[in-house]
Amino acid sequence: MTTTPIDLQDLRKRIYIKAKAEPAWRFWGLYVHVCKEETLHAAYAMAKANNGAPGSDGVTFAAIEAAGVEAFLKGIRDELVIGTYRPQPNRRREIPKGDGRMRVLGIPCIRDRVVQGALKLILEPIFEADFQDGSYGYRPKRTAHQAVQRVAEAIVSNKTYVIDVDLASYFDTVRHDLLLGKVAERVRDDQVLGLLKRILKASGKRGVPQGGVISPLLSNLYLNEVDRMLERAKEVTRNGRYTYIEYARYADDLVILVDGYRRWNWLKDAAWRRLVEELAKLDVQLNQDKTRRLDLSRGGAFSFLGFDFRRAKTRRGVWGARYTPRMKARTAILQRLKDVFRRYRSQPIDRVIALINPILRGWVGYFRVGHSSRCFGYVQDWVEKKIRRHLMRARQRQGFGWKRWSRTWLYEVLGLYDGYRIGLRKPKALPVQAVS
């Protein structure tokens, strides 16, 4: 009997269905799928789409394609099949975090990105079946906007006591033995586990590199037990359709919200205690300076995914959630734009606009939720003034040319970005249960 080969998409779907139906099942025979030509081609396409910088070996996509992609992937496949593949050390790159500190990225070479991508393609559907509803970071069909919406809806539903969690150097402190143990709970394939161990060791004795293709999946898996604990807390305290605790996690950014009514004071302490216990099991430390416990009903505020959250009265006079871009985010975008204006000071205005429009489009696209209108107005006015000063400087004149160029002209003739509109829905209030 001849069986028809399973394509990659169908294979991933079958793995997910099996993993979802049988949470205790351990998968075997996965390594052969990692080594398949189709899997490696898909992994290369993903790496090429991201178009990242070269790794420690200096090899670029252009060099690979000049020599032939097929030969490149065949070489990788041969090494995987005969067991001689060894990942190269990651290229380290520091980028500023905005608070004076630096975030260290570990950039694998393209060859290693392809292998990590192939491994992720096969492992991802297994662990996606196990991940919890409150986890949003780097997962298929999930976005940061959904996590922001979840938090806003929790505030509207009177969950006003907040545990704002900050993990200390999370990605750098993940223990490889614990992580491999979690993978082994679902994977019974020594070749896959051996490959994953070599990938982890290439970045050091501990941690998962920020910049690795498979790192987001592994970092989510490592914290999955924290998510499960919070899901159990929701179910234990559930009363019909009403819940009294909520959470949202995006990678290592976690916020927990508890009902503000005094009857649930015990739940506030219990959630905190269980969180500390679960993190201790993982050997993950809290950043004590940035982790906070606060009450929004007393005027507190917290930050999550670039937004500041507060509890405020709506125009109808009821309590709702108000979330706006952080001042830090506004300062960062203005600094990026300022650098462009400074660097291209002597260039034609159309060249400047071609550079700043994508920056504005991406930034506004992310913050186009909640109550960003005032912040958008400030940024728009600032950009208009910079454009006007650039035009006047080209004519060796002072001022902003208010009478010379209308606002409409800047957008319709010059083509300056003009998409400053709030586009996503605001959270709807859920009916509040009477508590005696």
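Leaving aside residues up to four places away in sequence, I356 touches L337, V340, F341, V383, I387 and L416; contact here means heavy atoms within 4.5 Å. This is a predicted model, in which local features need pLDDT of at least 70 and side-chain atom pairs count only at pLDDT 80 or more, while totals for chains, interfaces and linings use all residues. Residues are numbered from 1 along each chain as its sequence is written, and side-chain values use heavy atoms, with hydrogens and water left out.

I356 is also among the residues with the most contacts inside the largest nonpolar core, together with L123, F302, F309, V383 and I387. That core has 129 residues. A nonpolar core is a set of buried Ala, Val, Leu, Ile, Met, Phe, Trp, Tyr and Cys residues joined through side-chain atoms within 4.5 Å. Helix α6 supplies the largest share of this core, ten residues.

## Aromatic pairs

The whole structure holds 20 aromatic pairs. Rings of Phe, Tyr and Trp (its six-membered ring) pair if their centres lie within 6.5 Å; planes under 30 degrees apart count as stacked, over 60 as edge-to-face and the rest as tilted. The planes of W363 and F367 are at 50 degrees, with ring centres 5.0 Å apart, so this pair is tilted. Both residues belong to helix α15 (residues 349-367), where they are four residues apart, about one turn of the helix. Helices (H or I, at least four residues) and strands (E, at least two) are DSSP runs, numbered from the N terminus. W363 and F367 are both buried, where buried means under 20% relative accessible area, exposed over 50% and partly exposed in between (1.4 Å probe, protein chains only).

F400 and W402 form another tilted pair, 5.5 Å centre to centre with 35 degrees between the planes. F400 is partly exposed, at 29% relative accessibility. Ring pairs also link F302, F307, F309, Y323, W363, Y366, F367, F376, Y417 and Y420 into a cluster.

## Arginines over tryptophan rings

A charge sits over a ring if NZ of Lys or CZ of Arg is within 6 Å of the ring centre and within 35 degrees of the ring normal. R311 lies over the face of W319, 4.2 Å from the ring centre. The charged end of R404 sits over the ring of W405, at 5.5 Å from its centre.

## The buried face of helix α9

Helix α9 (residues 176-184) has H176, L179, L180, K182 and V183 buried. Viewed down the helix axis, the buried residues of α9 fall within an arc of 155 degrees, so they line one face of the helix; the arc is that of the directions from the helix axis to the C-beta atoms. They pack against α6 (110-128), α10 (190-201), α11 (215-222) and α12 (224-237).

## Cysteines

There are zero disulfides in the whole structure, a disulfide being a pair of cysteine sulfur atoms within 2.5 Å. For C35, the nearest cysteine sulfur is that of C109, 17 Å away, which is too far for a bond. C35 is buried at 5% relative accessible area, and C109 is buried at 0%.

S169, although not a glycine, has a positive phi of about 45 degrees. S169 is in the loop between β3 (161-166) and α8 (170-173) and is partly exposed, at 47% relative accessibility.

Q396 is not a glycine either, and has a positive phi of about 55 degrees. Q396 lies in the loop between α16 (373-394) and α17 (407-412) and is exposed, with a relative accessible area of 77%.
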